[in-house]
Amino acid sequence: MMGAAVLAAQKGSLVIAGLNAIDVFSAIEQLISTVSDDYMKSLFARSLLCAYAQRLIWSDSAKKRILLWEQLIATPRIQKYITDDKLYYIKGHAPSLRDEYFPVEKSLARAVKKGLIKEENIVLEPWINQDVLRAYLER
């Protein structure tokens with residue numbers, strides 16, 4: 001199935017895949033694990049435009065769920081890391097990927113600044129990097 005999607009993308013078709021993953025890095029790892037050989041992994045990396053992850057969290061002030069998201073743009077550098085099995089490098093250097101990675105903490109900081117979420121309601125969430133969130137809140 002993944003092979004067919006990669007080949008379709010190579011021919012110019014827009015391929016959108018939805019799956020359950022913790023973050024964009026885990027999503028890419030899951031997709032790569034289904035690819036059978038290095039050639040298909042290379043095709044996948046070159047075909048990837050970007051990856052998104054989303055979370056819906058409850059907002060007491062808005063009385064509804066709001067969308068938090070993160071994004072990884074597949075620049076040639078990111079595509080090379082994927083081809084070379086260096087996803088761990090991307091994940092470890094995520095804060096320095098300014099034009100390539102938009103972390104969920106940045107999206108969360110925007111929601112806090114707009115008053116959609118109270119900061120004290122999210123400090124204990126295990127999926128949030130509190131240091132990164134604090135840095136975005138201070139900007």
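From the N terminus on, the elements of the protein run α-α-α-β-β-α-α-β-α-α. That gives 7 helices and 3 strands. Helices (H or I, at least four residues) and strands (E, at least two) are DSSP runs, numbered from the N terminus. The model is predicted: local features need pLDDT of at least 70, side-chain atom pairs count only at pLDDT 80 or more, and totals for chains, interfaces and linings use all residues. Residues are numbered from 1 along each chain as its sequence is written, and side-chain values use heavy atoms, with hydrogens and water left out. The C-alpha trace spans about 50 × 30 × 25 Å along its principal axes.

Start with the sheet. It is open, has 3 strands in the order β1-β2-β3, and its pairing is antiparallel. Strands of a sheet pair through backbone hydrogen bonds, either parallel or antiparallel. Here two strands count as paired if DSSP finds at least two bridges between them. The edge strands are β1 (50-59) and β3 (101-102), and each pairs on one side only.

Take β1 and β2 next. They pair in the antiparallel sense over 10 bridges. Within this pairing, Ile57 stands opposite Ile66 in β2. The two strands form a hairpin with 4 residues between them. In the turn, Lys63 has a positive phi of about 60 degrees.

Gln71 stands opposite Phe102 in β3. Leu72 stands opposite Tyr101 in β3. Helix α2 (residues 24-33) packs on the sheet and touches β1, β2 and β3. Contact means heavy atoms within 4.5 Å. The direction of α2 makes about 60 degrees with that of β2.

The whole structure holds 4 aromatic pairs. Rings of Phe, Tyr and Trp (its six-membered ring) pair if their centres lie within 6.5 Å; planes under 30 degrees apart count as stacked, over 60 as edge-to-face and the rest as tilted. Phe25 and Tyr101 form a tilted pair, 5.2 Å centre to centre with 40 degrees between the planes. This pair links distant parts of the chain: Phe25 lies in helix α2 and Tyr101 in strand β3, 76 residues apart.

Now the helix packing. Axes are lines fitted to C-alpha atoms, for helices over the stretch in contact, and angles run from 0 to 180 degrees between N-to-C directions. Helices α1 (residues 2-10) and α3 (residues 38-47) pack at an angle of about 50 degrees, with their axes 9 Å apart. Therefore α1 is oblique to α3. Angles under 35 degrees count as roughly parallel, over 145 as roughly antiparallel, 65 to 115 as roughly perpendicular and the rest as oblique. The crossing is left-handed: the near helix is turned anticlockwise from the far one by less than a right angle, whereas clockwise is right-handed. Contact residues include Val6 and Leu7 of α1 and Leu43 and Phe44 of α3. By class, this contact has 7 nonpolar, 3 polar and 1 charged residues. Ala, Val, Leu, Ile, Met, Phe, Trp, Tyr, Cys and Pro count as nonpolar, Asp, Glu, Lys and Arg as charged, and the others, Gly among them, as polar.

Further along, α6 (residues 104-113) and α7 (residues 130-138) pack at about 50 degrees, with their axes 9 Å apart. So α6 is oblique to α7. Their crossing is right-handed. Among the contact residues are Leu108 and Val112 of α6 and Leu133 and Tyr136 of α7. The contact divides into 7 nonpolar, no polar and 3 charged residues.
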